[in-house]
Amino acid sequence: MEKTIFEITKMDCPSEENLIRMKLDGISSITNMDFDIPNRKLTVFHKGQIDQIEKSVLELNLGGQKISTEQTDQIDFNEHTNQRKLLWTVLGINFAFFVIEMATGIISKSMGLVADSLDMLADSFVYGISLIAVGGTMSRKKQIAKLAGYFQITLAVIGFIEVLRRFFGAEQLPDFSTMIVISILALIANGICLYILQKSKSKDEAHMKASMIFTSNDVIINMGVIIAGLLVNWLSSNKPDLIIGTIVFVLVIQGAFRILKLSK
């Protein structure tokens with residue numbers, strides 16, 4: 001048995017972990033994978049050559065780099081029997097907030113909330129792909145990934161068009177209070193999701209929960225929408241909302257391309 005450690009510089013939250021798991025699924029030489037998200041490290045326990053594993057990690061373009069490979073005597077790994085239940089839980093939370101943020105975003109005329117809802121939907125796609133494809137064939141997993149990726153891009157493009165329409169059209173001020181309240185709730189939801197996922201790992205790693213939350217892109221996005229809401233009220237302009245919406249749409253499209261890579 002060999003142990004290879006990778007540094008994954010863009011592995012910011014459990015969504016990237018699931019993308020990596022899906023990419024490496026099916027490589028028969030892999031015995032176990034251990035993810036250290038706060039320190040952006042992936043440890044792969046495998047038998048045989050590392051070439052195929054390293055190639056797959058690099059293809060994800062998440063800033064993967066092999067640090068070391070060494071022999072190990074470890075052969076027993078703790079199986080997380082509740083992983084499927086936990087994934088269903090975080091999927092449910094993410095999808096629920098997709099619906100909440102999309103509805104309140106439309107009602108309050110906030111593109112920031114609409115864009116953030118798509119980011120929640122993107123996370124739901126990642127967890128959903130993992131769950132639906134469990135026990136399925138690699139071709140099935142790729143088909144699901146392709147559908148999810150294109151659907152996500154389509155929604156983001158529609159969002160971009162709406163941003164442009166509002167930017168050049170008559171200025172409509174979004175409800176800044178709704179933006180702030182819903183984003184704070186989404187921030188809490190993301191924290192809960194990260195905590196729940198952390199419970200699936202060893203209890204010794206529970207102290208990493210806080211650093212995971214604050215290194216998460218989702219938390220940064222939530223804070224961005226909150227700040228945009230404050231600026232909308234202060235400047236009496238919808239431009240801060242449109243700017244944060246555009247930034248999040250770009251992040252959503254980047255995530256969609258990562259998902260599409262899994263279908264190749």
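Predicted model: local features only at pLDDT ≥ 70, side-chain atom pairs only at ≥ 80, totals over all residues.
I started by counting salt bridges and got five.

I checked where the two sit: glutamate 70 is in strand 4 (residues 64-71) and lysine 3 in strand 1 (residues 2-8), so the pair links distant parts of the chain, 67 residues apart. Glutamate 70 is partly exposed at 38% relative accessibility, and lysine 3 is partly exposed at 22%.

Next I looked up lysine 23. Its salt bridge partner is glutamate 59, and their closest N and O atoms are 3.0 Å apart. Is lysine 23 buried or exposed? I have it as buried, because its 19% relative accessibility falls under the 20% cut-off.

Glutamate 59 also has a salt bridge with lysine 55, this one at 2.6 Å between the closest N and O atoms. Both are in helix 2, four residues apart, or about one turn. That puts Lys23, Lys55 and Glu59 in a network of salt bridges.

I stayed with helix 2 (residues 51-59) and noted its buried residues: Ile53, Ser56 and Val57. Down the helix axis they fall within an arc of 100°, so they line one face. Asp51 and Lys55 are exposed on the face turned away from that buried side. After the helix comes asparagine 61, with a positive phi near 55°.

Last, I found a nonpolar surface patch of Val181, Ile184, Leu185, Ile188 and Ile192, together about 410 Å² of accessible area. Isoleucine 184 is in helix 6 (residues 176-199).

Conventions:
Residues numbered from 1 in each chain as written. Heavy atoms only, no water. Buried < 20%, exposed > 50% of the residue type's maximum accessible area, 1.4 Å probe, protein only. Arc of directions from axis to C-beta. Patch = residues over 30% accessible without salt bridge, like charges linked within 9 Å, V, L, I, M, F, W, Y side chains within 5 Å. Areas by Shrake-Rupley, 256 points an atom, 1.4 Å probe, with all protein chains shown as cover. Salt bridge = Lys/Arg side-chain N within 4 Å of Asp/Glu carboxyl O.
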